[in-house]
Amino acid sequence: MIVLALLWAGTLAFVLRYVRQQRELALQQAERDAVRDRRILELVKRVDHYQQSAVRVGDEVHELRAILAPLPDRLVQLEQRDPSNLSFAQAAKLVGMGATVATPLYLTPPDPTVGAGLPAMTAYQPTPLYLTPPIQLWELACLR
């Protein structure tokens with residue numbers, strides 16, 4: 001009988017320890033599940049934000065397509081309005097064949113000798129001074 005009582009007490013202790021371990025494992029599992037659920041919620045928020053951003057970008061792309069769709073027609077209209085101008089494609093073909101563009105007179109820089117009434121040598125003399133060494137500048141100043 002004592003042996004049975006000892007076996008019963010040992011079994012009871014073993015069962016109580018096993019139940020305690022199972023409770024601890026259940027608590028640890030609950031903590032891991034809570035962490036996993038928080039991560040899942042964060043990922044769901046991130047995916048939702050990504051999808052909303054993708055939808056916004058798609059809407060903006062459609063708006064840009066709607067805005068840019070008539071531009072080729074407008075370009076053709078502008079090219080046809082002014083017959084003195086060539087289309088870009090025609091100009092590219094001409095440049096590819098070796099054509100050059102002449103600079104209009106109003107874009108050429110003015111000649112300093114014309115407006116000042118100076119001889120060409122005198123008008124262009126100050127231009128290369130920054131290139132000459134200081135000794136030569138002193139000699140030029142002394143010669144005058």
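A salt bridge is defined here as a side-chain nitrogen of Lys or Arg lying within 4 Å of a carboxyl oxygen of Asp or Glu. By this rule two salt bridges are counted, and through them Asp33, Arg36 and Asp37 are linked in a network. The structure is a predicted model, in which local features need pLDDT of at least 70 and side-chain atom pairs count only at pLDDT 80 or more, whereas totals for chains, interfaces and linings use all residues. Residues are numbered from 1 along each chain as its sequence is written, and side-chain values use heavy atoms, with hydrogens and water left out.

The protein chain contains six helices and zero strands, and the pattern read along the sequence is α-α-α-α-α-α. Both kinds of element are DSSP runs, numbered from the N terminus, with helices (H or I) having at least four residues and strands (E) at least two. Confidence is expressed as pLDDT, the predictor's confidence in each residue, on a scale from 0 to 100. The mean pLDDT of the protein chain is 77, with 57% of its residues reaching 70 or more. Among the elements, α1 has the highest mean pLDDT, at 95, while helix α4 (residues 112–116) has the lowest, at 53. Where pLDDT is low, the predicted coordinates should not be read in detail.

Because aspartate 33 and arginine 36 are three residues apart in helix α1 (residues 2–68), they are separated by about one helical turn. Arginine 36 also forms a salt bridge with aspartate 37, the closest N and O atoms in this case being 3.4 Å apart. To describe accessibility, residues are called buried under 20% relative accessible area, exposed over 50%, and partly exposed in between (1.4 Å probe, protein chains only). Aspartate 33 is partly exposed at 24%, as are arginine 36 at 43% and aspartate 37 at 38%.

Of the 144 residues of the protein chain, 2% count as buried. The chain exposes about 13600 Å², of which carbon and sulfur atoms supply 66%; such areas come from the Shrake-Rupley method with a 1.4 Å probe, and for residues only the protein chains shown count as cover. Leucine 7, which is found in helix α1, counts as exposed, with 52% relative accessibility.
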